[in-house]
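Subject: Structure handover and findings

Hello,

Here is the structure for you to look over. My notes follow below it.

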Amino acid sequence: MSSRRAKVYVACQVGGWGLYGLVNILLTLLTVVALSQGAEQLGRRSLWIVAMSLSGGVLTHFARAPLNLRAWVQLPLLRLAPRVLLTSVGLGALQQAVGLFLAYPVLRLYKPEDFSFAFAITGVSFWSVVMLMWLLTWFAVHFVERTRTVERERWQQEVAAQTAELRFLKAQLQPHFLFNCLNSVRALIVEDPVRAQQAVTRLSSLLRHALAARGPETVPLSQELQVVRDYLSLEAIRLDERLRVREDVAPDALDVPVPAMLVQTLVENAIKHGIAQTPEGGEVSLLAHVHEGALLLEVANTAAPLGTPAAPHSNGVGLHNASERLRLLCGAHASLQLDQTHAALTTARVRIPLPS
């Protein structure tokens, strides 16, 4: 039994049986006063009540182990109910036997000729009800505790499953991200070796970030934007004047935590499926501000002309993983939507509720 559980049990035992004894002593006092009985009778009755309270506490305490009450908590109601009823009658009979022994030969509250079976049966019925109340209280406390334990284990399993899923998504996302960067460098090796060297330098910085991303699942938006700028610098070497960037980020949005590599994935998707597929290039705009208790992010890009072939290795892994990680890390109220209603513009909109 854990320390906390033991303290709760002792408090319930002492409090419950102590309250029973106190109430009955007060009732006995009123009865003795009303019937004008002597102080000796009051003392004997009070002593009997105290002894019965102690007997009830001891009896219920030592009955738990042989009865294996903890195993009963897992029983269905139809099997539990008869056991509880029979146990309450059995404990009530034992308690009544102790009471009769104390009332007749020990404290001499009654004379032997006052004994009757009707009196004994009444006592057994009374104590059976008391024991039934004790059992119901015991099972109620342990049922609530068991329910909370099951709920806690369920949440732990869900967290473990989400953690495993996040690691899987990140394991997919990092190679996907690095693969696209390597493709950019490969395209420059023949065309412009000098720029290819510069691209490798940029790529090394991004590699350090990708490896470090195994740590925290979320980072401040300001840190994520630094990675995005490194990535855009790498793409600018390859795309030159075809890539134009516009950034509008409110100061109060910089400290908001976002899933690591979320914005980078959206920008990468905008360039790969938009700017890189357009001969004259286009603009990537990044907007971020806080509104009504949420961070609103927009990554928009000039859309590729209709009929343009899909980008190589376009399997949607990056955007799908970004959406799944956003859901797992930021909850059901977070959202990622891709707006392609305008023929000349594609916009990815992200909403992340602020931490409470």
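Met 261 sits in the loop between β3 (257-259) and α8. This is a predicted model, so please read every value below as computed from it. Met 261 is not a glycine, yet its phi is positive, about 75°. Is Met 261 buried or exposed? Its relative accessibility is 2%, so Met 261 counts as buried.

Asn 68 also has a positive phi without being a glycine, at about 55°. With a relative accessible area of 43%, Asn 68 is partly exposed. The cut-offs here are under 20% for buried and over 50% for exposed.

Now the helices. α2 has 29 residues. From its first C-alpha to its last, α2 reaches 41 Å, close to the 42 Å expected at 1.5 Å a residue. Which residues of α2 are buried? They are Ser 46, Ile 49, Met 52, Ser 53, Ser 55, Gly 56, Gly 57, Thr 60, Ala 63 and Arg 64.

α1 has 32 residues. At 1.5 Å a residue α1 should span 46 Å, and its end C-alpha atoms are 46 Å apart, so the two agree. The buried residues of α1 are Tyr 9, Gln 13, Trp 17, Tyr 20, Gly 21, Thr 28 and Val 32.

Next, the pockets. The largest pocket holds about 690 Å³ of space. Its lining has 25 residues. Nearest its centre lie Cys 12, Gln 13, Thr 137, Trp 138 and Val 141. Gln 13 is also on the list of buried residues of α1. Two elements give two or more residues to this lining: α1 (3-34) and α5 (117-191). Which element gives the most? That is α5, with 12 residues. By class, the lining of the largest pocket has 12 nonpolar, 6 polar and 7 charged residues.

The second largest pocket has a volume of about 510 Å³. It is lined by 19 residues. Closest to its centre are Arg 45, Trp 48, Tyr 110, Phe 119 and Phe 126. The elements that each supply at least two residues of this lining are α1, α2 (39-67), α4 (77-106) and α5. How do the lining residues of the second largest pocket divide by class? There are 11 nonpolar, 7 polar and 1 charged.

Last, the cavity. The count comes to 1 cavity of 30 Å³ or more. About 50 Å³ of space lies in the largest cavity. Its lining is made up of Leu 266, Asn 269, Ala 270, Val 299, Asn 301, Leu 319, Leu 338, Thr 346, Thr 347 and Ala 348. α8 (262-273), β5 (294-302) and β7 (345-353) each supply at least two of the lining residues. How many residues of each class line the largest cavity? The lining has 6 nonpolar and 4 polar residues, and no charged ones.

If you open the model, these are places to look. Then go to the largest pocket, with α1 and α5 in its lining. Finish at the largest cavity, where α8, β5 and β7 contribute to the lining.

Best wishes

Technical notes
Residues are numbered from 1 along each chain as its sequence is written. This is a predicted model: local features need pLDDT of at least 70, side-chain atom pairs count only at pLDDT 80 or more; totals for chains, interfaces and linings use all residues. Side-chain values use heavy atoms; hydrogens and water are left out. On a 1 Å grid over the protein atoms alone, a cavity is a set of points where a 1.4 Å probe fits but cannot get out, and a pocket is an open set with protein on both sides within 12 Å along at least five of seven lines; lining residues have an atom within 4 Å of a point. Grid points are joined across faces, edges and corners, and a volume is the space filled by probe spheres set on the points. Helices (H or I, at least four residues) and strands (E, at least two) are DSSP runs, numbered from the N terminus. Ala, Val, Leu, Ile, Met, Phe, Trp, Tyr, Cys and Pro count as nonpolar, Asp, Glu, Lys and Arg as charged, and the others, Gly among them, as polar. The expected span of a helix is 1.5 Å times one less than its number of residues. Buried means under 20% relative accessible area, exposed over 50%, partly exposed in between (1.4 Å probe, protein chains only).
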